[in-house]
Amino acid sequence: VAQKKTKLDPLRASAQEEVVTEYTSSLPFDKELYFWDILGSIAHVDSLKGAKVLSAAEHAKIRKGLAAVLDNLNKGKVELRPELEDIHMNVEALLGDMIGPLAGKLHTGRSRNDQITLDLKLYSRERILETMEELSELQEVLLSIAKKNLKTVMPGMTHFLPAQPVTLAHHTMAHWFKLHRDFDRLSCCYDRMNCCPLGAGAIAGNTYDIDRFATAEALGFKGPTSNSMDSVSDRDYAAETMFCLAMIQVHLSSMAEEIALWNNPQFGYIKLSPTLTTSSSMMPQKRNPDVAELARAKVGRVVGDMLSMIVVMKGLPLAYNRDLQEDKEPVFDAFDSVVDSLWAIRSLLCCADFDVKRMRAACSAGNIIATDLADYLVKKGMPFRKAYLTVKDMVNCSIDEGEPLEEWELSCFKEFSGLFGKDVLDYVKPESAVERRKIHGGTSSSSEKASIAIAEKYVERQLKVMESIEEDVEGTITRLLGAKAGSRPQ
Ligand code: ARG
């Protein structure tokens, strides 16, 4: 750490250098990018050969050297040098150790400005795929819970109070569709991001006869970016990715909250697998839902990651500014947090026991068929406002007597309105309330089957999206490293 001195007593030169190396180095975190950095370099030397900047022999030697550097890094055989500021300079230095002065040709026509944004895009593409895969797995669990519970009634809540009966399937599928939109958002964001910045150089492009289209294709991009200044200063893809990730985490936090509440014995709708809960150091009876609580809490950091990215970008003049180096840690952290949380919530759900009896009992306790009773009277000719007030009186009476409406006898109903007939006794059952909502998107079992069919179509589309991204990501590796892409970091 640099010595602290007063301004009248300036730092000695070596201490000044320390300030710069310590404070500006990105190596501690950008080393995470070494794999994609080297792949980008391989694509770059291929294009330098195409532009006749490198002879075939030079190209072969550099390529071989880069592959060897990659191999060494994968095996942890080399020490990175902190004084070299970042992963890009380190890779170049390692190449120099391997092949000598020829390594000096690697960076021809390239800047770290186009290099770093390329690396971050390549990294993000792979992690978007990973996120999509995890997300789909969670959706699969939700879908299977839904399919098993088309007729499981439970209180749906508004304002966190019992409102109307729904099915567990309907509740579960509500989360499913949110996750589907998250998937879709990520996929659009991927499409916008997937243009290759290499060739933009430091700011203005480069003077070599490089075929940017071929480089983009080799790296699995849909094409090159169209403005060099935009290419090196663009981080909206990172901000947008993090918005998508933050939204996923927000959705997971609602699920986590419900899991924790439903697992509370006062709800008792689910029982978490004991192995997925933790014990208290003091209270022997406790099994705590820490996994759900942490998934709920991680919203804070993911939203924080997104915010820090956007704020870093604010007010930056074109084009590259060192501020942009602050992009990486939030991106890495957001992906890590979301991928882990998707996995955690899926684990909780697929091992949980659902107590359908508790859910059913909660339906009659809450008088949640009150709206249906008003609808009943309306269908028999009473204006809605009058029906509403009649049922309100009935609810008050039910509370006074401690007798849920669902258990009333016909004579009691008749005391409030002569319009009530024998059919009301079935009408007040939550099962029939649910089945009356046959509207598109409603909670009846037939509506639910229809929306599950829609979801299954979306699943097919999601699979196709993942296949195509996998082709971009894995195709890049096989094209640049050969069919035996064994040199993948794990
Ligand atoms: N470490 C830098 C970053 O992460 C790489 C680009 C540096 N460019 C420069 N001109 N200093 O953004």
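Buried means under 20% relative accessible area, exposed means over 50%, and partly exposed lies in between (1.4 Å probe, protein chains only). Keep these classes at hand for each stop.

The model is predicted: local features need pLDDT of at least 70, side-chain atom pairs count only at pLDDT 80 or more, and totals for chains, interfaces and linings use all residues. Residues are numbered from 1 along each chain as its sequence is written, and side-chain values use heavy atoms, with hydrogens and water left out.

**Stop 1: aromatic rings**

Select Phe413. It is buried, at a relative accessible area of 0%.

Now the ring pairs. Rings of Phe, Tyr and Trp (its six-membered ring) pair if their centres lie within 6.5 Å; planes under 30 degrees apart count as stacked, over 60 as edge-to-face, and the rest as tilted. The count by this rule is 14 aromatic pairs.

Select Phe160 and Phe267. Their ring centres are 6.0 Å apart and their planes stand at 35 degrees, so this pair is tilted. Phe160 sits in the loop between strand E1 (153-158) and strand E2 (161-167), and Phe267 in the loop between helix H10 (236-263) and strand E3 (270-271), so the pair ties together parts 107 residues apart in sequence. Helices (H or I, at least four residues) and strands (E, at least two) are DSSP runs, numbered from the N terminus. Phe160 is partly exposed, with 48% relative accessibility. Phe267 is buried, at 19%.

Go back to Trp408 and Phe413. Here the centres are 5.5 Å apart and the planes are at 55 degrees, so this pair is tilted.

**Stop 2: salt bridges**

A salt bridge is a side-chain nitrogen of Lys or Arg within 4 Å of a carboxyl oxygen of Asp or Glu. The structure holds 27 of them.

Select Arg112 and Asp86. Their side chains meet in a salt bridge, 2.6 Å from N to O. Arg112 belongs to helix H6 (residues 112-148), while Asp86 is in the loop between helix H4 (56-74) and helix H5 (87-99); the pair links distant parts of the chain, 26 residues apart. Arg112 is partly exposed, at 27%, whereas Asp86 is buried, at 4%.

Select Arg81 and Glu83. They form a salt bridge whose closest N and O atoms are 3.2 Å apart. Glu83 is partly exposed, at 47%. Arg81 is partly exposed too, at 36%.

Next, Glu293 and Arg296. Their closest N and O atoms are 4.0 Å apart in a salt bridge. Both lie in helix H11 (residues 290-297), three residues apart, about one turn of the helix. Arg296 is partly exposed, at 32%, and Glu293 is partly exposed, at 33%. Then select Glu85, Asp86, Arg112 and Arg322: salt bridges that share partners join them into one network.

**Stop 3: a charged patch**

Select Glu133, Glu467, Glu470, Glu471 and Glu474. They gather in a patch of negative charge on the surface. Patch residues have over 30% relative accessible area and no salt bridge; like charges are joined within 9 Å, nonpolar side chains (Val, Leu, Ile, Met, Phe, Trp, Tyr) within 5 Å. Which helix gives the largest share of the negative patch? Helix H20 (residues 445-481) does, with four residues. Finish on Glu471. This residue lies in helix H20 and is exposed, with a relative accessible area of 60%.

Note on methods:
Areas by Shrake-Rupley, 256 points an atom, 1.4 Å probe, with all protein chains shown as cover. Lys, Arg positive; Asp, Glu negative; His and termini not counted. Charge placed at Lys NZ, Arg CZ, Asp CG, Glu CD.
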